[in-house]
Structures are given as C-alpha cells and as structure tokens.
Amino acid sequence: MALDYSKLQTGESVSSQSYLLDGDTVAAYAEAVGDRHELTSKDGLGLLAPPMAVAALSLRGVVNDLAIPGGTLHVGQELEFKRAVAVGETLACDAVLTQNSVRGDWRFLVVRLKVEDGDGHRVMDGKSTIMLPVQGVSGTEA
Amino acid sequence: MEQGDSLPSVQRLITQEQIEKYARASGDFNPIHVDKEFAATSQFGGTIAHGMKIAATLSEMMTEAFSIDWLETGRLKLRFRAPVYPGDTVTAFGEVKRVRKRDGSREFFCSVGVRTQNEEAAITGDATVTVPVGDR
C-alpha cells in the first residue's frame, strides 16, 4: 500500500535498519564512486570504509522504508563523522522525521540520521532534506 | 595546510553505468536515476546522477587532504543545486577559509563545491575537520 506522506508526524521513526558493511559492500561502493583510497585504522581495526559509504547505508533505509517515489529530489545533506568505520562492522542506522511541510507543488521532508556501531557508539550523524512531488503521491493536498 | 590554501581537486566523468552501479551499491533505485523513459518525462529530460554519488567526490577530496582525520572528525553541510547528467565531467574543489587553534588540535573550515564542465554549481557547501597538532 502506498504511504500517505501527509500523515507522517515529526518525531516519528521512519527507518531503523542494521547493515553489515562487508568487503563486498565497500568494494561495490568504491567502484561506483571511483574512490581509490585505502586507509587502514591506527587502532588495528583493519581496512576503513569511505565515510560516504556509511552515509549511503544510512540513507538506504530511508529510501526503502519511506518508499520514496520517483521524481523525489535530494536537496540538502549534512553529515558529521564521529569515528572511522572498519570494513566488516555492523551498523545500526536510524532515521527520525523532523519536518514535514508542503510548499507549492512539493512536500519537504527533513530526516535526522543516526548511525551506531555494534557497541552502541555513535559513528555518524546526519540530516537529509528531500522534496517529493505533491501531485501523484499518496496523501497529497492536490 | 593553511588559510587560503586550495584543496586537491577531484575530477570524474559521470556515466550511466556508474550511476547504475551506485544505485545497486546504495539501494537507491529512484527512476530519475535509472529509468531512462521515466526520466525523459521529468523536468530534467533524462536520467541524473544521485546527489550523494556526486558528493562522494567531495569526501574523496577531503580524504586526500586530511586522510584519516576526515573519517574521524569530518563534517559536511551541502546543498544540491543542479543536476549532473551522464556524460558530464564534475570537479570537486575547495579552499581553507579559516584555521582555528584549539587544545592540541587545529580546526579547518573549508568552503567546498562541485562544478560541471559548464562551470555550473552542482553542489555548494562547507566542510570542517579537526586535526591534531603536528599531523598536518
């Protein structure tokens, strides 16, 4: 069933997913963006993931769990990396809606992102701003 | 690295094949990126790259400039201003605007952006990173 975006409340959790950032995932990401850096942890954790791979994972749940419709635009992104993440770590990615408003033909959703490691330590915070076309999307005022 | 220094630019040719790889890697299959027929009917007239794929060039630039300190303390604030199409060449660029000394470290405030071959701003924003004194 299509999601009624007008009914999403600020403060509501919109995604909570756990992902293994394994070697294949990181390699696929690095190939897709062309990043050739291979940094190794100073603490013996091994090969480190590009920080934007963590950011991309954190957005995966938002895109899928919110069933983001075609024509949606990503207009703003804030990221704060708290520590380097090693390949092979499992990450808990949570997203909470902090704004849901309509301006003209667009619905603006602002989502706070939080990523923690397996011990519950924060590795990344973020804020995404996306614009959904109001017409043709369930729950529209049009 | 000091105030006024340029960050090492990163240049990439964007292809539809890369966009589809990014869709698989990120799990973002929005048809505006991967469905040519759908995208042709959009305001963009064709597929466009994921904003986060283009933003990755900025993180790569910051990694080149600040190495692991970027992974551990980096902050980015970005606006996606214009679409990037397959066939475009993008360049990530930046400049150190201010350096603040703190207890045992230096905080670098940088303006960053990504422009296309037509000098159009695809992304604008700011990046901040904290580096222990002596590292850089």
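Helices (H or I, at least four residues) and strands (E, at least two) are taken as DSSP runs and numbered from the N terminus. The model is predicted: local features need pLDDT of at least 70, side-chain atom pairs count only at pLDDT 80 or more, and totals for chains, interfaces and linings use all residues. Residues are numbered from 1 along each chain as its sequence is written, while chains are lettered from A and ligands numbered from 1 in the order in which they are written.

Chain A has two helices and five strands. Their order from the N terminus is β-α-α-β-β-β-β. Along the principal axes, the C-alpha atoms of chain A fill a box of roughly 55 × 30 × 25 Å. Of its 142 residues, 35% are buried. A residue is buried if 20 or more other C-beta atoms lie within 10 Å of its own, exposed if 12 or fewer, and partly exposed in between, with C-beta atoms placed from the backbone. Contacts were also counted in chain A. Two residues are in contact if their C-beta atoms, placed from the backbone, lie within 7 Å. Among contacts between residues at least 6 apart in the sequence of chain A, 73% join residues at least 24 apart.

Chain B contains five helices and five strands. Its pattern along the sequence is β-α-α-α-α-α-β-β-β-β. The C-alpha trace of chain B spans about 55 × 30 × 20 Å along its principal axes. Buried residues account for 43% of its 136 residues. In chain B, 64% of the contacts between residues at least 6 apart in sequence join residues at least 24 apart.

Two strands are said to pair if DSSP finds at least two bridges between them. 10 strands form an open, antiparallel sheet in the order β1(A)-β3(A)-β4(A)-β5(A)-β2(A)-β2(B)-β5(B)-β4(B)-β3(B)-β1(B). At the edges stand β1 (13-20) of chain A and β1 (10-13) of chain B; each has a single partner strand, so one side of each is left without a neighbour in the sheet. Neighbouring strands are turned by 15° against each other on average, direction ignored. Axes for such angles are lines fitted to C-alpha atoms, for helices over the stretch in contact, and angles run from 0 to 180 degrees between N-to-C directions.

Helices pack on this sheet from both chains. Helix α2 (residues 51-65) of chain A touches β1, β2, β3 (90-103), β4 and β5 of chain A. Its direction makes about 45° with that of β5(A). From chain B, α4(B) touches β2 of chain A together with β1, β2, β3 (89-102), β4 and β5 of chain B. The direction of α4(B) makes about 35° with that of β5(B).

Within chain A, strands β4 (residues 106-116) and β5 (residues 122-133) run antiparallel and are joined by 11 bridges. Leu113(A) has Gly126(A) in β5(A) as its bridge partner. In chain B, β4 (residues 105-116) is joined to β5(B) by 11 bridges, again antiparallel. Phe108(B) is partnered there by Val129(B). A hairpin is formed by β4(B) and β5(B), with four residues between them. In its turn, Glu119(B) has a positive phi of about 65°. Strand β5 (residues 121-132) of chain B also pairs with β2 (residues 75-80) of chain B, antiparallel, over six bridges. Arg79(B) stands opposite Thr124(B) in that pairing.

The chains meet at β2. Strand β2 (residues 73-81) of chain A runs antiparallel to β2(B), with five bridges between them. Here Leu79(A) faces Leu76(B) in β2(B).

Helix α1 (residues 23-33) of chain A has Val26(A), Tyr29(A), Ala30(A), Ala32(A) and Val33(A) buried. Seen down the axis of α1(A), these buried residues fall within an arc of 160°, so they line one face of the helix. The arc is that of the directions from the helix axis to the C-beta atoms. Their cover includes α2 of chain A together with α1 and α4 of chain B. Just after α1(A), Gly34(A) takes a positive phi of about 80°.
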